[in-house]
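This report is for a reader new to the structure shown below.

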Amino acid sequence: MPLHPQAQAIITGLESMGLPPFETFSLEEGRAIIQTFAGFMLPTEEVASVVDAAAPGPEAEIPLRIFTPEGNGEVLRPGILYFHGGGFTTAGIDLVDPVCRALANRSGCIVIAVGYRLAPEHPYPAAVTDAYVATAWVAANGRHFGVDGSRLAVMGDSAGANLATVTCMILRDKAEEIDIALQVLIYPVTDLDHQNTPSYRENGEGYVLTSGMINWFKGHYLTGCEDQAEEPYCSPIHMADLSDLPPAIIVTAEYDPLRDEGEAYGARLEESGVPADVRREEGMIHGFFWMGGAIDRGREILDELGADIRKVLYS
């Protein structure tokens, strides 16, 4: 279908700023630009509590922010590990704070946002390691802040969705006794090795996320390890065996370069016997999930996913 008018308004507004191509920015400039997406977020909602904590990491503590919705009578409640997007290089817990609050309120679950290490200061696999370590720590210790470690989901957008699904792979491969009931992947990065899909060719310019931006992010993430792009924990679509992973909900956007790799990953999960509910959002662009204050569908999809997660984790 045609580009949604609200998505077009975002694009027109960004173009009116007359910014140079994103890939020409310094690291600091790129990070500052991504922070401006806070202006498109949902209004900040009240939750019962927001607590900053940390999980012990391999090199330094991993920041966590724990969003607890109003009580429902349960002593321990399900938890959602949330990994933010930003190309493995930008953004952070502060930026996705409004999204995590809304997700907690809609799902009835405690949301734990993970502040994994960013590239290029900490290139691959630092973010992957932090995502896995934080998830395992929450599973073992979540009861201290009200989380039932036996009822967990992982969720992320873009690069964060990559980390969410790779975390599931590592837990499986290490035979960890941690049950992830659901993985929710919003326009996931699944292939850092190839950029030759139709959606790259059709949507690589003019729809917020460009091919140049993707290469900028990729270059930082793979600093000093460019030859590792094919590794399954970097590009999960290259994992030979996708069996025994948690059921997935995968949301893609029609006008997104990442659309096809997300949908291809869903197809591969299905072929491996893993239920995968792949939902293409017609007329949408990459990033719409963050833009619930400007794109109605961003708000609506949060409502829907919150209800879906509630159904799974409270069943």
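## The cavity

Helix α7, made of residues 211-221, gives the most to the lining of the largest cavity, with four residues. The model is a predicted one, and in it there is one cavity of 30 Å³ or more. The volume of the largest cavity is about 330 Å³.

A total of 26 residues line the largest cavity, and those nearest its centre are G87, S158, L209, F217 and H286. Sorted by class, the lining of this cavity has 15 nonpolar, seven polar and four charged residues.

## The pocket

Rolling a probe the size of a water molecule over the atoms shows where empty space is left. The largest pocket has a volume of about 480 Å³. Its lining is formed by 22 residues, and L14, P20, V208, T210 and M213 lie nearest the centre of the pocket. Two elements, α1 (5-16) and α2 (27-35), are those that give two or more residues to this lining.

Which element gives the most to the lining of the largest pocket? That element is α1, with three residues. The lining of the largest pocket can also be sorted by class: 15 residues are nonpolar, four are polar and three are charged.

## Helices α3 and α9

Two packed helices are described by the angle between their axes and the distance between the axes. For helix α3 (residues 93-107) and helix α9 (residues 296-313), the axes come within 8 Å and cross at roughly 50 degrees. An angle under 35 degrees would count as roughly parallel, and 65 to 115 as roughly perpendicular; α3 and α9 are therefore oblique to each other. Their crossing is right-handed.

On the α3 side, the contact is made by V99, A102, L103, N105, R106 and S107. On the α9 side, the residues are L302, D303, G306, A307, I309 and R310. By class, the contact of α3 with α9 has six nonpolar, three polar and three charged residues.

## Helices α4 and α5

Helix α4 (residues 126-141) packs against helix α5 (residues 159-173) at an angle of about 65 degrees, and their axes are 9 Å apart. This angle makes α4 roughly perpendicular to α5. The crossing of α4 and α5 is right-handed.

Which residues of α4 and α5 make the contact? From α4 they are A127, V128, A131, Y132 and T135, and from α5 they are L163, V166, T167, I170 and L171. Eight residues of the contact of α4 with α5 are nonpolar and two are polar, with no charged residue.

## Backbone details

Most residues other than glycine have a negative phi, and most peptide bonds are trans. Some places in this model depart from that pattern. A119 and P120 are joined by a cis peptide bond, with omega about 5 degrees. The bond from Y124 to P125 is also cis, and its omega is near 10 degrees. P120 is found in the loop between β4 (110-114) and α4, and P125 lies in the loop between β4 and α4.

F88 is not a glycine, yet it has a positive phi of about 65 degrees. Where does F88 lie? F88 is in the loop between β3 (77-83) and α3.

Methods
Residues are numbered from 1 along each chain as its sequence is written. This is a predicted model: local features need pLDDT of at least 70, side-chain atom pairs count only at pLDDT 80 or more; totals for chains, interfaces and linings use all residues. Side-chain values use heavy atoms; hydrogens and water are left out. On a 1 Å grid over the protein atoms alone, a cavity is a set of points where a 1.4 Å probe fits but cannot get out, and a pocket is an open set with protein on both sides within 12 Å along at least five of seven lines; lining residues have an atom within 4 Å of a point. Grid points are joined across faces, edges and corners, and a volume is the space filled by probe spheres set on the points. Ala, Val, Leu, Ile, Met, Phe, Trp, Tyr, Cys and Pro count as nonpolar, Asp, Glu, Lys and Arg as charged, and the others, Gly among them, as polar. Axes are lines fitted to C-alpha atoms, for helices over the stretch in contact, and angles run from 0 to 180 degrees between N-to-C directions. Angles under 35 degrees count as roughly parallel, over 145 as roughly antiparallel, 65 to 115 as roughly perpendicular and the rest as oblique. A crossing is left-handed if the near helix is turned anticlockwise from the far one by less than a right angle, and right-handed if clockwise. Contact means heavy atoms within 4.5 Å.
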